[in-house]
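Please go through the briefing below with the sequence and the model side by side.

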Amino acid sequence: MVAALGFAAAMLLVNDGVQAADHTEAPGTQADPPADITDFYAWEAPDDKLVAVVNFAGKTEAGADPTYDTQVLYGIHIDNDGDNIADIDIWCRFGTNMAEDLWGIQCLNVPGAADTDTNGEVDGVIDGGNGTKIFAGPRDDPFFFDLQGYLETLDSGTLSFDPTRDSFAGTNVTSIVIEMDALAAAGEGTTLQIWATTGRL
């Protein structure tokens, strides 16, 4: 079933300039939610695991269909020798079996995974072997911001933030979560720099 999702091995990125990511308030990102990274998180977890999370397509109404696009390539880049150049590039993309309306995700080059190509259906935990786990699907937007308070502060010059008012409450992002072998990601290094990118195929 997953093999029928139709992932292509050859990838050609179209670069039409570099843009920053945000939660859709900028006109450039409003035009392309699947490629708009709202947040990126990475942390060391117990048992020598490294977890990386790419969130995109922010401010989607909770309960709405998640945002998947077969033409967007998601990259997680790891520099493990301090030269600000990625030593490991993890590439993920979505595919679909339109006959059965199934979506899946394929991630290549995940450190420590049993295979260089790990894929499976969205909305479930994919076992990549050797403790590698991948999840893709909608999640509650973890970002907290009082937009009303921000605008009132700008207008009045007086701080008007309310810590109980969250402009992102009730909205979702689409997430790619990868739990990988931290030692395999680090190689001989002791400090990691990790960042995420998107690009259109």
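Asp39 stands opposite Asn55, a residue of strand 2, and eight bridges join strand 1 (residues 37-45) to strand 2 in an antiparallel arrangement. The model is predicted, so that local features need pLDDT of at least 70 and side-chain atom pairs count only at pLDDT 80 or more, whereas totals for chains, interfaces and linings use all residues. Residues are numbered from 1 along each chain as its sequence is written, and side-chain values use heavy atoms, with hydrogens and water left out.

**Strand pairing**

- Strands and helices here are DSSP runs numbered from the N terminus (strands E, at least two residues; helices H or I, at least four), and two strands pair if DSSP finds at least two bridges between them.
- Strand 1 and strand 2 form a hairpin with three residues between them, and Asp47 in the turn has a positive phi of about 65°.

**Nonpolar core**

- The largest nonpolar core has 30 residues, and those with the most contacts inside it are Ile90, Phe94, Ile105, Ile178 and Met180; such a core is a set of buried Ala, Val, Leu, Ile, Met, Phe, Trp, Tyr and Cys residues joined through side-chain atoms within 4.5 Å.
- Buried means under 20% relative accessible area, exposed over 50%, and partly exposed in between, with a 1.4 Å probe and protein chains only.

**Aromatic pairs**

- The structure holds five aromatic pairs, where rings of Phe, Tyr and Trp (its six-membered ring) pair if their centres lie within 6.5 Å, and planes under 30 degrees apart count as stacked, over 60 as edge-to-face and the rest as tilted.
- Phe56 and Phe94 form a tilted pair, with 6.2 Å from centre to centre and 55° between the planes; this pair links distant parts of the chain, since Phe56 lies in strand 2 and Phe94 in strand 4, 38 residues apart.
- Phe56 is buried at a relative accessible area of 0%, and Phe94 also counts as buried, at 1%.
- The ring centres of Tyr68 and Trp103 are 5.4 Å apart with their planes at 40°, so this pair is tilted; Tyr68 belongs to the loop between strand 2 and strand 3 and Trp103 to strand 5, 35 residues apart.
- Tyr68 is buried, with a relative accessible area of 13%, whereas Trp103 is partly exposed, with 22%.
- Ring pairs link Phe56, Tyr68, Tyr74, Phe94 and Trp103 into a cluster.

**Disulfide**

- The structure holds one disulfide, a term that requires a pair of cysteine sulfur atoms within 2.5 Å.
- Cys92 and Cys107 form this link with their sulfur atoms 2.3 Å apart, and with 115° about the S-S bond the link is right-handed.
- Cys92 in strand 4 and Cys107 in strand 5 are 15 residues apart; Cys92 counts as buried at 2% relative accessibility, and Cys107 is buried with a relative accessible area of 0%.

- Phe135 lies in strand 8 and counts as buried at 12% relative accessibility.
- Leaving aside neighbours within four places in sequence, Phe135 is in contact (heavy atoms within 4.5 Å) with Asp123, Gly124, Val125, Ser175, Ile176 and Val177.
- The C-alpha atoms of Phe135 and Asp123 are separated by 6.7 Å, although these residues are twelve residues apart along the chain.
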